[in-house]
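Here is a friendly note to read alongside the picture. Keep the structure open and look for each element as you go.

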Amino acid sequence: MTTVRITIDPVACDAYGYCAELLPEAIVLDEWGYPIVDGRPLPADLVAAARRAARDCPRRAIRLTLKSSAG
Amino acid sequence: MGNDVRQAPPRGALHHLLGHPTDLSGHIDAHGPLAVALGRHESWQAALGANLEASGLLGRGGGGFPSATKLALARAHGDGGTLVVNGMEGEPASDKDKVLLTRAPHLVLDGAQFLAAACRARRVVVCVPAGRDGVATAVLHAISERSSARYARVSEVIVRPPDRFVAGEESALTNWIDSQTALPVFRPDKGVPLRIGKRAALVHNAETLAHVALIARNGPEPFLARGMAEEPGTCLITIGGAVAQPGVVEIERGTPLRDIVRLGTPVESFQALLVGGYGGSWVGPDDFGTPYASIPLRAIGAGAGVGVIIALGATGCGVAETARITRYLAGQSAGQCGPCVFGLPAIADDLARLAGGQSDPGLMTRLQRRLGQVNGRGACRHPDGAVSLVRSALSVFRADVAAHERGEPCGQWHRPSPLRFPGPTAR
C-alpha cells in the first residue's frame, strides 16, 4: 500500500494558514500561525483534502511524499 | 565506561593534531610528500575509504556523522565536484578550528586533498569568515607555499563568507559558494548530496580533515590506539568559563568531562558544564564523570556537538546565562523559518523574565509549550540547538528556576556575563 505524509517547507511557508482550515485533522497552527504536522502517515480518507491543501497553498510550501510499502 | 579510556598512550607514532610544523618544508619533513592518486584509481580510492571506515572517524563540526559514509555518498555522485573545507566555526565559544587552521594549515589542506582525490573533486575551497583575517592570512600563506612548490594536486582557494552563526551550516555554505546567499537550504532528504552548480559538494569541518590527513598517511591504527574502543581518536576542545587557562586542548575521546575542565585550571568549584557549545546542553555535577564521546553524552541527554566545554562557577547563575545565550541564538537566526524567527525571541523573552525575577503564573507552561513547538521545525538545526540548551537548563538548574519563578532576585542578571558574545547580534 502507499502511505502519504505531509512535510512543510519551513523556508517557503509564510503562515497564510489556509492549510489548517482545509485540513484541520492533520494540521494545526502554532501561536505565530505556522503549521505543525506530526509526520505520521495520513489516513486514506484525508489524502484528497491534503492534495487540495497543497494545491491551494499560496507559497507552495506543502509537500506530500508518497511511499510504497509492502502489505 | 571510563575504564575504556587508555590512560597511558604509547609514545611514538601517536595520532595528534596539535604540535605540527606550520610551514610547508617542516610539514614535508615530518610527513613526507602528498601521495594521492588522481583520476580513476579505484583501488587507491577504495583503500582510503576503507581506512576511514576502519578508523570510525566522526565529523568534528557538530553533526558527528561518520566521515567514511559521507565520502561514500560523495563518490557515488560523480566527478568534478568541490571539496569544501568548513573553517567557519560560527560557535562563539569555540576556537579549535581557528587554532588548527593557523598552526597546522597544511594538515587540514592535506586532508582536503586526500578526500578530493578520493571522490575525484576538481578543487578545494576553504571557507574562513570575513573579518577573521589572522586565520585567513595563515591559510593564504599555506596555499601559496603549496602552489609555488607544486605540492597541492587540485587547486586550493580561500573564500570569505559572512561571519554569522548559521553561515557555517553546510547547506548555507554551499549555497553561498554557489550564489553568495549564506542561508541554509531546506533538505527533507539528507541522503541527497549537496551541490554547487550541477556538481556534488563534500563539506568537511577543518578538524575532521586534519584527522583524515593523518589516517590517510598512517593508516587507522594510530587513531584507533587512542580514545575509547567504541569511539576512538582524539579531538580538540575549547575550554572556557570559570577557568584560569581557557583555550584549546587535544584530548582522547572518552576523557571524563571533569578531567577535561581541569586542563583549564578552574578558578572556583563549578556547578555545571555547558557541553557542545551554545546549542549544546548543560550537565550537572552528577554527570561530571561522563566520558566525552557521543554515546555516553547522548545517554545523559547531551551531545558532543562542537568541541566546547564551559565551566559555570559556583557563583554564576545558569538561568541568567541560558537567557543570555538564548537571546544571542535568537539574534543569529537566518530569518527564513517562522518557528525560528518568532519562536526563539519568544523563548528568549520568557527566559529574560524568569532571570530578571519578572515571572508570571503562566510562564513555565508557556515556555514548555514553545520549546515543544519550535523543536525540529526549521530548515536547519539552529532552533533545535536552542531548545536543547533551554531544556537542559530547566532540568540542571531546577532549584534556581524555582527560585526565579518565585520572583527571588538574581544578582547575576545585571552583572556582565562570563560568556563570550560577538556583537552585534542583530541581523
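The points below look at a sheet and some helices of chain B.

1. Before you start, please remember that this is a predicted model.

2. Begin with the sheet. Chain B has an open sheet of five strands, with mixed pairing, and reading across it gives the order β3-β2-β1-β5-β4. Which strands stand at the edges? They are β3 (155–159) and β4 (194–196) of chain B; each has a single partner strand, so one side of each is left without a neighbour in the sheet. From one strand to the next, the twist averages 35 degrees.

3. β4(B) runs antiparallel to β5 (residues 199–205) of chain B, and three bridges join the two. In general, strands of a sheet pair through backbone hydrogen bonds, either parallel or antiparallel.

4. Helix α8 (residues 206–218) of chain B lies across β1 (82–86) and β5 of that chain. Its direction is at about 90 degrees to β5(B).

5. Finally, turn to a helix pair. How do α13 (residues 338–355) and α14 (residues 363–374) of chain B pack? Their angle is about 155 degrees and their axes are 10 Å apart. Since angles over 145 degrees count as roughly antiparallel, that makes α13(B) roughly antiparallel to α14(B). The crossing of these two helices is left-handed.

6. Look at the residues where α13(B) and α14(B) meet. Among them are B:L344 and B:I347 in α13(B), and B:L367 and B:L371 in α14(B). By class, this contact has 10 nonpolar, two polar and four charged residues.

Definitions and conventions: Residues are numbered from 1 along each chain as its sequence is written. Chains are lettered from A and ligands numbered from 1 in the order in which they are written. This is a predicted model: local features need pLDDT of at least 70, side-chain atom pairs count only at pLDDT 80 or more; totals for chains, interfaces and linings use all residues. Two strands pair if DSSP finds at least two bridges between them. Helices (H or I, at least four residues) and strands (E, at least two) are DSSP runs, numbered from the N terminus. Axes are lines fitted to C-alpha atoms, for helices over the stretch in contact, and angles run from 0 to 180 degrees between N-to-C directions. Two residues are in contact if their C-beta atoms, placed from the backbone, lie within 7 Å. Angles under 35 degrees count as roughly parallel, over 145 as roughly antiparallel, 65 to 115 as roughly perpendicular and the rest as oblique. A crossing is left-handed if the near helix is turned anticlockwise from the far one by less than a right angle, and right-handed if clockwise. Ala, Val, Leu, Ile, Met, Phe, Trp, Tyr, Cys and Pro count as nonpolar, Asp, Glu, Lys and Arg as charged, and the others, Gly among them, as polar.
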